[in-house]
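Open the structure in your viewer and keep the sequence panel beside it. The stops below say what to select next and what is there.

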Amino acid sequence: MTTPRYRAMLIAAAAPLALLMLGTPAHAQIAVFDATNFSQNVLTAARELQQVDNEIQSLENEATMLVNEAKNLASLPYSSLAQLDQSITQTQQLLSQAQNIAYDVTTINQAFTQVYPQSYASTTSSSQLESDAQTRWENARASYQDSMNVQAGVVQNLATTHAQIDALISSSQSAEGALQASQAGNQMLAIQSGQLADLTALIAAQGRAQALAGASDAESQAQAQAQLNQFLTTGAGYQPQPVQMFHQP
């Protein structure tokens, strides 16, 4: 049973609480911590933060992709086109300087008609035969000189080609993108084409020299035959006569 003293103590302790409740508006409530709701809010914020982080990573990837695409579209800083054009032009100039008989179908046909005929008429003068023979010799000699000039030009182009190849290999090894590597490969093919052009010019020059030398040899036979015919048909022609080798008494 509760003693009067203990009851008095309870009343004294409850009095302030009653006064506080009477002084508080009727709509006020005591705040309560909701652990479940707090956990849900934390998870939602974490998910939103992860989403933002994913978007940032996606933007970084897109930026890297754009940088790589820009590198792939970057042009090769080195170009061998000017030097290649210069080498080919020099070879063409050497071919255009061909002496006596140029690399021209009309010129060749005219020359062969005049000094490389299929045969000589019996009325052809000795001076004409000698003049044609001299012209053919000069043509052959000039063609050999032209061939050696082209050979010298091709050899000189080798140094330029070597420097171009070294520069292209260095550029291709440091290429930043696919376009630069592709352009380096294309220029390497262009250099090979230039070498083939030099080789074609060299073969043409050597073939011209051999052809003129062969034509000169063939024409010499025709000229010799014409001179023999003239010797046999001049005047009454050659008639064999008995010859007395020793004096008989």
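Start by selecting Ala201: leaving aside neighbours within four places in sequence, Ala201 is in contact with Thr91, Leu95 and Val150, where contact means heavy atoms within 4.5 Å. This is a predicted model, in which local features need pLDDT of at least 70, side-chain atom pairs count only at pLDDT 80 or more, and totals for chains, interfaces and linings use all residues. Residues are numbered from 1 along each chain as its sequence is written, and side-chain values use heavy atoms, with hydrogens and water left out.

Is Ala201 buried or exposed? Ala201 is buried, with a relative accessible area of 5%; buried means under 20%, exposed over 50% and partly exposed in between, with a 1.4 Å probe and protein chains only.

Helices are DSSP runs of H or I with at least four residues, strands are runs of E with at least two, and both are numbered from the N terminus.

Now show α6 (residues 178–233) together with helix α3 (residues 81–96): their axes come within 10 Å and cross at roughly 10°. Axes are lines fitted to C-alpha atoms, for helices over the stretch in contact, and angles run from 0 to 180 degrees between N-to-C directions. The crossing makes α3 roughly parallel to α6; angles under 35 degrees count as roughly parallel, over 145 as roughly antiparallel, 65 to 115 as roughly perpendicular and the rest as oblique. On the α3 side, select Leu84, Ile88, Thr91 and Leu95; on the α6 side, Ala190, Ile191, Gly194, Asp198 and Ala201.

Keep α3 and bring in helix α5 (residues 126–173). The axes of α3 and α5 come within 10 Å and cross at roughly 175°. That makes α3 roughly antiparallel to α5. Residues of α3 in this contact include Ser87, Gln90 and Leu94, and those of α5 include Asn149, Val150 and Gly153.

Finally, clear the selection and view the whole chain. How many helices and strands does the chain have? The secondary structure comes to six helices and zero strands. Of the 249 residues in the chain, 20% are buried. Among contacts between residues at least 6 apart in sequence, 82% join residues at least 24 apart.
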